[in-house]
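Biologist: I would like to learn how to read the features of a model like this one. Please take them one at a time.

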Amino acid sequence: LESHKNAIKIDPELVESWNGIGNLLVDHFKEYKSALKYLNKAIELSDGKYIPALVNKGNVLLKLGEYTSANEYYDLAFEIDPDNAIHAQLNKAINLIDNLNQPQNAIKILNNLNNNLSVDHRYKKEIIDLLNQLI
């Protein structure tokens, strides 16, 4: 945390460190509202295109019970870079199942991911396992 804070003192436009602080506040300190300030700054500095900050903001909104808003950030990350934001759609599917009572929409997302990923993709097994639980 201190390393990231020192980094943004040196370079206030260092998107990775703004995101890193936000991520640490979420994962290690459970300070969700404080994390939003840092994630929003990372998103602002990247003109809304830094995938990790978008996904992390979705995760924070999920923790805060803002389920629909969380999905908007997951969708945005996936729209910007579908190859590197598979986990964003996986998070959305889980949110649809666990919080929004929309398993059919989750199944559509998971089927789409499953059909478009290579057999050895790192999220393939998780997607198939989740699909098997739903079907």
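Biologist: How many aromatic pairs does a search of the whole structure find?

Modeller: Rings of Phe, Tyr and Trp (its six-membered ring) pair if their centres lie within 6.5 Å; planes under 30 degrees apart are stacked, over 60 edge-to-face, the rest tilted. The search finds one such pair. This is a predicted model: local features need pLDDT of at least 70 and side-chain atom pairs 80 or more, while totals for chains, interfaces and linings use all residues. Numbering runs from 1 along each chain as its sequence is written, and side-chain values use heavy atoms, without hydrogens and water.

Biologist: Which charged end sits over the ring of Trp 18?

Modeller: A charge sits over a ring if NZ of Lys or CZ of Arg is within 6 Å of the ring centre and within 35 degrees of the ring normal. Here the charged end is that of Lys 41, 5.8 Å from the centre of the Trp 18 ring.

Biologist: Is Asn 95 buried or exposed?

Modeller: Buried means under 20% relative accessible area, exposed over 50%, partly exposed in between (1.4 Å probe, protein chains only). Asn 95 counts as buried because its relative accessibility is 1%.

Biologist: Where does Asn 95 lie, and what does Asn 95 touch?

Modeller: Helices are DSSP runs (H or I, at least four residues), numbered from the N terminus. Asn 95 lies in helix H6, residues 86-98. Contact means heavy atoms within 4.5 Å. Not counting residues up to four places away in sequence, Asn 95 touches Leu 62, Tyr 67, Ala 70, Asn 71 and Leu 100.

Note on methods. Helices (H or I, at least four residues) and strands (E, at least two) are DSSP runs, numbered from the N terminus.
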